Amino acid sequence: MASLPCSCSYLLLLLGYCAVFAASSQTTVTQLHGSGTTNPSKLLWDVLETFESRSKIPLHLTYRAVGSSTGQKEFVGENNGFNSYTDFGSGDIPVSKANYDALTAAKGADALVHIPYVVGGIAVFYNLPGVTDAVKLDGCTLAKIFSRQITKWDDEAIVKLNPAMKASIPAGQEISVVHRVLGSSSTSGLTNYLNRHAQEFGCAAAWTLGAGSTVEWPADTVAAQGSGNMASTLQSTPYTIGYLDAGHGHSLGLGEIALLNRDGVSLTSKQATLGAAASAALRASIIPADSTQSFADVALYDLGGADTWPITMVSYFYVRTDLTAMDPTSFGVLKAMLEYVSTSEEGQKKAGEYSFSAIPAELVTYNQETIKKLRGPANAPVFTFETASKTQAYEGQGDYIISGKRKSFAEIDHAQMATEMAAVADRVKALEAKVDDHHGDDSKGTTQGSGITQLHGSGTTNPSKLLWDVLETFESRSKIPLHLTYRAVGSSTGQKEFVGENNGFNSYTDFGSGDIPVSKANYDALTAAKGADALVHIPYVVGGIAVFYNLPGVTDAVKLDGCTLAKIFSRQITKWDDEAIVKLNPAMKASIPAGQEISVVHRVLGSSSTSGLTNYLNRHAQELCPTAWTLGAGSTVKWTADTVAAQGSGNMASTLQSTPYTIGYLDAGHGHSLGLGEIALQNRDGVSLTSKQATLGAAATQAIKSGIIPADSTQSFADVALYDLRGADTWPITMVSYFYVRTDLTAMDPTSFGVLKAMLEYVSTSEEGQKKAGEYSFSAIPAELVTYNQETIKKLRGPANAPVFTFETASKTKAYEGQGDYIISGKRKSFAEIDHAQMATEMAAVADRVKALEAKVDDHHGDDSNAVTKLTTTKAESTTKVTTVQAKGNGDDESTKSLAIIALVFSIISTIISVGVPLVVSRAQSSSKQADIKAHLNNMASNI
């Protein structure tokens with residue numbers, strides 16, 4: 001089970017551990033853990049994942065983005081005898097004088113060093129609907145806003161600096177000030193700037209709140225924990241003002257205050273040269289010559305220079321100098337990572353990718369000297385680098401080489417996605433310019449050397465994306481290295497591997513998953529071999545099996561009742577213009593060729609989707625039309641010879657997409673994400689509706705109320721079925737996805753048991769886990785089932801020494817505790833996670849822009865247009881045919897210009913559909929949102 005050795009034939013893309021075991025002399029995982037500032041966290045996650053993928057020996061490197069103050073506390077470790085909870089800290093504020101003095105008193109005068117690695121800016125952002133020009137403010141006015149001395153957007157001081165703004169703001173509109181909590185380097189940056197500026201520029205009364213990572217804000221301000229909550233509040237709430245690291249705000253497209261700098265120049269952080277303040281600080285000896293000295297007084301606020309940003313901050317690594325007790329290989333990795341980020345050309349280049357500025361050359365030299373001061377174990381290996389551009393034969397294959405010749409799939413995939421997105425964005429810009437030309441201006445405590453904890457499951461393909469998401473989330477949020485896998489093999493195969501009948505009823509997996517309960521035969525055999533309470537079912541999401549079709553030219557949803565559907569799948573009805581179908585869909589007949597054959601597609605090799613469809617058809621027919629369905633029910637049935645077999649939901653989907661006049665079945669979310677046409681099925685209350693229109697959770701609620709689900713989760717679930725239940729909004733083919741779990745897990749690896757239990761709790765009982773169900777077009781389980789699951793999980797018996805995993809959410813920091821080994825922390829993320837989310841956001845923005853362009857084109861080509869342009873696409877031939885019919889009017893120039901605009905719109909839509917949408921749909925978490933985007937774009941492509 002979870003203690004099985006890692007298979008070297010399996011390539012784990014994100015962590016890259018297993019593939020190196022055979023070739024490397026190292027069989028343990030080298031770990032490194034840090035925590036601190038959220039501002040450059042994306043950069044650090046990128047660097048750490050780069051090291052993991054480029055290393056020959058297995059590395060597990062994590063960083064918790066908890067804010068500079070918490071990161072500093074965990075680095076100093078005052079409540080731990082001044083022993084650090086982490087291998088390194090990071091902050092946009094230096095270690096405070098109090099912390100520096102306490103640590104050096106306990107550990108020696110040269111106990112720590114600061115290593116500056118990027119220069120960034122804290123910028124002020126706002127949400128002002130209707131205001132298009134950058135809002136200008138000086139430091140005194142900004143201080144009065146954040147101290148609530150100025151409370152209205154049309155205050156005289158603001159309007160004086162922005163006279164054109166007044167017309168766009170409602171009279172007396174309140175300013176909503178948003179601020180960070182729990183200690184934040186962003187707060188330190190803003191308040192130190194305001195405090196210094198007010199004292200020096202004759203407006204001391206404008207700011208009396210002091211300065212630091214926390215201040216006592218006025219009661220009528222809005223608190224936001226973490227930069228993510230600050231950003232989301234600014235995005236969602238009009239008339240707000242707040243502060244963020246500049247790069248974060250720019251990536252979200254937030255409106256930014258143009259701040260008056262010391263030289264009297266109004267500029268945004270994007271217009272400023274962020275590195276200018278760092279150069280000035282070096283010249284003025286603001287940074288100590290000896291990096292072991294206190295940096296508490298280092299500040300780059302309000303320095304001179306025409307292009308200098310007033311709230312400039314340096315991000316530092318905090319590192320202990322005496323690391324002789326550290327794991328030797330971990331010390332080698334730490335030193336290499338510090339050199340890469342703070343001194344190398346490639347590492348410094350990455351700063352610009354995240355809207356930071358590289359440090360000046362003088363600071364690079366400073367860092368090189370600082371890193372030499374770190375004292376590690378005598379036997380620590382020295383890591384060196386092989387660049388992507390220069391091969392080091394033989395030497396590059398050594399254990400202690402960070403090689404640019406190695407990459408992860410995630411790395412190259414992200415680069416490809418970024419390139420393609422940039423290309424699409426450029427083409428949209430070109431189109432906007434053409435439309436503007438045509439329409440005019442009206443368009444505007446560290447664990448070292450341990451092995452990998454593993455967990456492996458198999459089963460249903462339907463919620464497989466949800467499970468892959470959860471398992472990767474656990475891997476990236478865990479401090480200890482995890483290797484969690486799930487094989488999407490179908491419910492029947494997953495059940496076989498869980499039961500393990502041919503293995504003495506010892507499971508091949510740590511858990512199974514299925515959209516069908518364990519069969520009575522399997523349940524009886526397993527309980528006879530292992531005891532009456534051998535297993536439990538844990539329901540975790542509610543889904544639907546839906547029927548999809550490919551009917552060219554048919555735009556309205558096709559309606560069917562259960563008896564007609566049964567006759568179609570049993571081949572008693574074989575033509576699309578059959579009287580029974582046309583009676584329910586009279587308008588459809590004109591769009592279908594006479595006598596057009598129906599091509600029925602079905603799953604093979606045991607499928608929960610087949611079980612769902614056939615059980616529904618069997619039950620429905622027995623009650624209303626017995627002769628319509630005689631093929632029986634189950635995960636496999638004997639289909640008629642003239643049907644089409646498809647192995648797996650992927651093949652079912654591709655067959656439906658590529659073959660006209662087909663009908664088949666899929667889990668509802670899968671079909672929706674592909675924009676397939678769905679049958680509107682008549683439910684038990686006589687309402688015709690698609691699974692998207694139905695309330696999927698309604699059947700589960702009824703099942704609980706009526707006692708269909710056993711009160712004791714160790715009992716057989718073989719008779720549990722949610723087919724054809726009553727309710728106006730109930731979907732007739734509703735299915736519950738279950739985890740199958742053994743109750744006696746005392747022989748399991750203790751840590752694997754802890755991870756399994758935490759994963760089950762997260763998915764089946766937590767608010768965040770259940771919220772993920774909706775992201776994959778499933779429905780969350782009712783509250784009664786959540787309680788049921790909590791009681792079920794208590795029945796699992798694990799090793800006595802199994803650790804208990806707990807959770808640190810993204811919105812609530814647990815200082816010290818969050819750095820423990822057995823915390824699944826929402827403050828840790830993988831670069832892939834945040835990159836995919838960003839891609840999804842950009843994709844949605846591109847789609848919105850295309851919609852706007854579509855509207856403009858439609859306005860131009862209405863009934864009084866001079867040209868009618870029709871575009872049709874033949875998908876199979878990958879060609880586009882354009883036909884133009886010239887009407888009476890202004891001549892060839894006008895219609896040719898119109899045609900060029902439409903053709904360019906179509907080419908961009910095609911690019912998005914063929915390149916951008918599938919990439920984002922397959923990777924981003926908001927699957928239903930991407931499905932809507934794709935469906936809209938497909939509709940545009942077919943109707944322009």
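This is a predicted model: local features need pLDDT of at least 70, side-chain atom pairs count only at pLDDT 80 or more; totals for chains, interfaces and linings use all residues.
## Other salt bridges

Side chains of opposite charge can pair when their charged atoms come close. Over the whole structure, a search finds 29 salt bridges. One of them joins the side chains of Arg 262 and Glu 200, with an N to O distance of 2.2 Å. This pair links distant parts of the chain, 62 residues apart: Arg 262 is in the loop between S10 and S11, and Glu 200 is in helix H6. Arg 262 counts as partly exposed at 34% relative accessibility, and Glu 200 is partly exposed at 48%.

A salt bridge of 3.1 Å, N to O, is formed by the side chains of Asp 642 and Arg 571. These two residues also come from distant parts of the chain, 71 residues apart. Asp 642 sits in the loop between helix H19 (608-624) and strand S22 (644-646), while Arg 571 sits in the loop between helix H17 (562-569) and helix H18 (579-584). Asp 642 is partly exposed, with a relative accessible area of 44%; Arg 571 is buried, with 11%. Elsewhere, salt bridges link Arg 148, Lys 152, Glu 174 and Asp 220 into a network.

## The sheet S5-S10-S11

Three strands form an open sheet in the order S5-S10-S11, and their pairing is mixed. Strands S5 (136-137) and S11 (266-267) are at the edges; each has a single partner strand, so one side of each lacks a neighbour in the sheet. Strand S10 (residues 258-260) pairs with S11 in the antiparallel sense over 2 bridges. Leu 260 has Ser 266 in S11 as its bridge partner.

## Two buried helix residues

Ser 185 belongs to helix H6 (residues 185-200). Ser 185 is buried, at a relative accessible area of 4%. Its side chain makes a polar contact of 3.1 Å with the side chain of Ser 68. Beyond residues up to four places away in sequence, Ser 185 touches Thr 37, Asn 39, Ser 68, Asp 92, Ile 93 and Met 313.

Ala 351 is located in helix H11 (residues 345-353) and counts as buried, with 0% relative accessibility. Setting aside neighbours within four places in sequence, Ala 351 is in contact with Leu 43, Val 118, Phe 356, Ser 357 and Ala 358. Its C-alpha atom is separated by 8.7 Å from that of Tyr 117, which is 234 residues apart from Ala 351 along the chain.

Conventions
Residues are numbered from 1 along each chain as its sequence is written. Side-chain values use heavy atoms; hydrogens and water are left out. Two strands pair if DSSP finds at least two bridges between them. Helices (H or I, at least four residues) and strands (E, at least two) are DSSP runs, numbered from the N terminus. Buried means under 20% relative accessible area, exposed over 50%, partly exposed in between (1.4 Å probe, protein chains only). A polar contact is a pair of N or O atoms within 3.5 Å; within protein, one must be able to donate a hydrogen and the other to accept it, and residues adjacent in sequence count only if both atoms are side-chain atoms. Contact means heavy atoms within 4.5 Å. A salt bridge is a side-chain nitrogen of Lys or Arg within 4 Å of a carboxyl oxygen of Asp or Glu.
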